[in-house]
Amino acid sequence: MGELIKLGEYSKSNNLPSTISARKTKTLPRIITIPPYYYDTVEGCLYLRRKHKGEISDIRLCNFFSIITHEILKNSGLSDERYYVIETMIKNTVLPTITVHADKFKSLCWLSQIGVDAIIEPGSGKHDHIRHAIQIASHGYTIKINKHTETGWIDINGVPVYLTSSGGITANQVENDITVELPMDLNRYNIPLSPINEKEAIETSFSFLDIGNRSVTLPLLAFLYLAPLTSLLEPKPNFSGYLFGRSGSFKTTIAMLLLSHFGDFNGVDGLCNFEDTANKIEDVGFILKDVLMILDDYHPSINSGKADAMEIIAQRIIRSFSNRTGRGRLTDKERRGPRGLILVTAEEQLNIQSAIARLMLVNVTKTDINIDALTLLQGKTHLLPNAMSSYIIWVSKNIEEIKQAFKDEFVQQRQISAELGTHMKLAEQVAFLLFSLKIFLLWLLEKQVIEKNTAINIQADGSRIFKEMAKQQHNRIEDEDPVKLFMDILEDIITQGKVSLNHRTNKDEFIGNGEQLGWYDTDYYYFMPETLWCIIKHRGHFPVKKHTLYTMLDKHGIIVTGRDKNTVVKRIYGEIKRVLTVKRTSLFG
């Protein structure tokens with residue numbers, strides 16, 4: 001055994017390198033801890049030297065030795081997680097480093113990543129001695145690193161910093177040591193810390209307006225530049241984008257042009273789609289703070305199960321982004337709600353009344369698109385992240401003014417929009433888009449990309465287009481009202497005689513000639529619930545489930561309910577029937 005170092009000498013030694021791989025000697029440095037435990041390394045093996053009653057005994061612990069080279073603290077914006085980077089030597093061979101969660105270090109279960117060559121001698125207590133020796137050897141040599149695992153705005157010592165996978169963007173554009181580590185499939189969110197060819201890049205982004213009809217491009221551009229403001233505004237944007245059109249309408253191409261402002265996005269590979277679980281999509285939405293996220297390819301399906309699954313995911317995600325909430329997890333102190341904006345691409349319009357109010361619906365057709373301008377912009381996508389870099393730097397310089405302006409203008413603009421008679425969420429949507437457009441135009445003016453008259457005209461176009469979108473969407477919401485749809489279907493099938501209804505007390509008196517649907521009397525219709533629901537479903541997609549519909553009918557005073565059910569029991573022709581009882585005054589005006 002080699003001579004033991006005296007207590008304190010190890011940490012004071014000037015010639016001990018910080019990692020095993022840097023050591024030039026074959027024998028590791030001696031290690032010592034508080035008596036009665038002393039550790040030593042010989043030929044790469046770790047020994048415990050113990051004094052007991054004046055005698056020294058040497059106990060071999062294992063045939064390897066490890067050191068913690070780095071301690072990494074990962075900050076997600078919700079909680080901190082600690083990891084150790086461990087380097088191991090077996091005999092004279094230095095093995096590749098492994099990264100271990102701090103909670104799993106003590107158990108030494110991470111040795112399974114090294115393989116069968118790492119051997120611990122039998123006997124109780126050896127695991128604790130090995131762990132103890134590694135920690136003592138690493139003390140004073142471990143490099144501590146902070147990493148952020150999110151994008152978007154954070155505050156560092158009172159300075160606003162925008163995180164992207166390339167690091168932290170600040171107003172002064174000074175080099176910093178901020179490290180951002182995103183999951184592999186999100187590393188493409190990479191905005192330059194300083195813009196290159198700034199004015200050309202901004203002009204290229206502005207040219208997005210010219211790739212098609214402004215009723216398509218202007219809402220999308222305002223939505224794009226609202227994304228970096230998400231966490232700065234209070235209240236936060238409470239709606240999502242929904243870009244829909246038939247196959248061949250360039251909707252995915254347009255979405256990728258928007259996304260290319262945040263990094264190198266040449267294809268949809270790795271983006272969230274409706275094959276992913278809702279939990280996965282929400283997790284990505286939590287990481288991608290203050291950026292635009294794409295949820296690709298909501299499409300019709302002849303498989304009713306698959307169609308229902310997509311609809312459930314769509315409803316949950318849209319509500320999650322609208323309410324800024326996510327499902328709680330047992331390991332989280334808070335909910336991992338989405339923190340950016342999401343744009344859904346789809347081949348058909350979503351027919352869910354409550355979801356439509358939470359969406360910015362943009363319908364695109366092939367004739368809306370200027371293919372030459374679109375192709376020209378596609379050839380310059382490498383400039384778009386530089387435009388976003390310039391915008392973020394400009395926002396960081398004016399962050400307090402932007403927050404104050406939003407407080408002053410949002411409520412007023414929302415009230416003006418609400419006077420159109422639209423749903424309140426749609427009025428708020430208009431207010432958000434107009435504010436985003438205003439900030440975007442102020443940036444363009446300061447960068448001398450446009451003249452003031454151009455900005456005024458674009459602002460006027462935006463006000464007109466956004467309000468018209470809200471009106472059209474309000475009409476869609478009314479058309480998708482489940483109660484109205486139900487009543488329209490009933491009136492239609494009864495008027496056209498597609499079903500038959502018998503008088504409740506007189507079998508010889510009836511209405512219609514089709515399938516038996518129920519009975520009637522002077523005051524009520526008595527419908528057979530299952531038959532009626534089959535007819536409703538046969539007419540096409542219905543926006544709510546049966547029980548939800550019955551609850552809404554009860555709330556509107558259209559049906560008569562029982563004590564604990566929406567249907568009631570009636571005696572008809574001497575038989576007991578469970579029926580849905582609809583007031584006749586509710587139909588036909």
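Two strands count as paired here if DSSP finds at least two bridges between them. Keep that in mind as you click around this predicted model.

**Stop 1: two hairpins**

Start by selecting residues 45-52, strand E3, together with 55-62, strand E4; the two run antiparallel and are joined by seven bridges. Pick out His52 and you'll find its bridge partner in E4, Glu55. Two residues separate E3 and E4 in this hairpin, and Lys53 in the turn has a positive phi of about 55 degrees.

E2 is antiparallel to E3, with six bridges between them.

**Stop 2: the parallel sheet**

Jump along to the open sheet of five strands, ordered E15-E16-E17-E14-E18 and paired in parallel. Which strands stand at the edges? Select 272-273 (E15) and 359-363 (E18): each has a single partner strand, so one side of each is left without a neighbour in the sheet.

Next, colour E14, residues 240-244, which pairs with E18 in the parallel sense over five bridges. Gly241 is a handy landmark, with Met360 in E18 as its bridge partner.

**Stop 3: a helix across the sheet**

Finally, show helix H4, residues 214-226. H4 lies across E14, E16 (292-298), E17 (341-346) and E18. Line your view up with E18 and you'll see H4 running at about 145 degrees to that strand.

Key:
Residues are numbered from 1 along each chain as its sequence is written. This is a predicted model: local features need pLDDT of at least 70, side-chain atom pairs count only at pLDDT 80 or more; totals for chains, interfaces and linings use all residues. Side-chain values use heavy atoms; hydrogens and water are left out. Helices (H or I, at least four residues) and strands (E, at least two) are DSSP runs, numbered from the N terminus. Contact means heavy atoms within 4.5 Å. Axes are lines fitted to C-alpha atoms, for helices over the stretch in contact, and angles run from 0 to 180 degrees between N-to-C directions.
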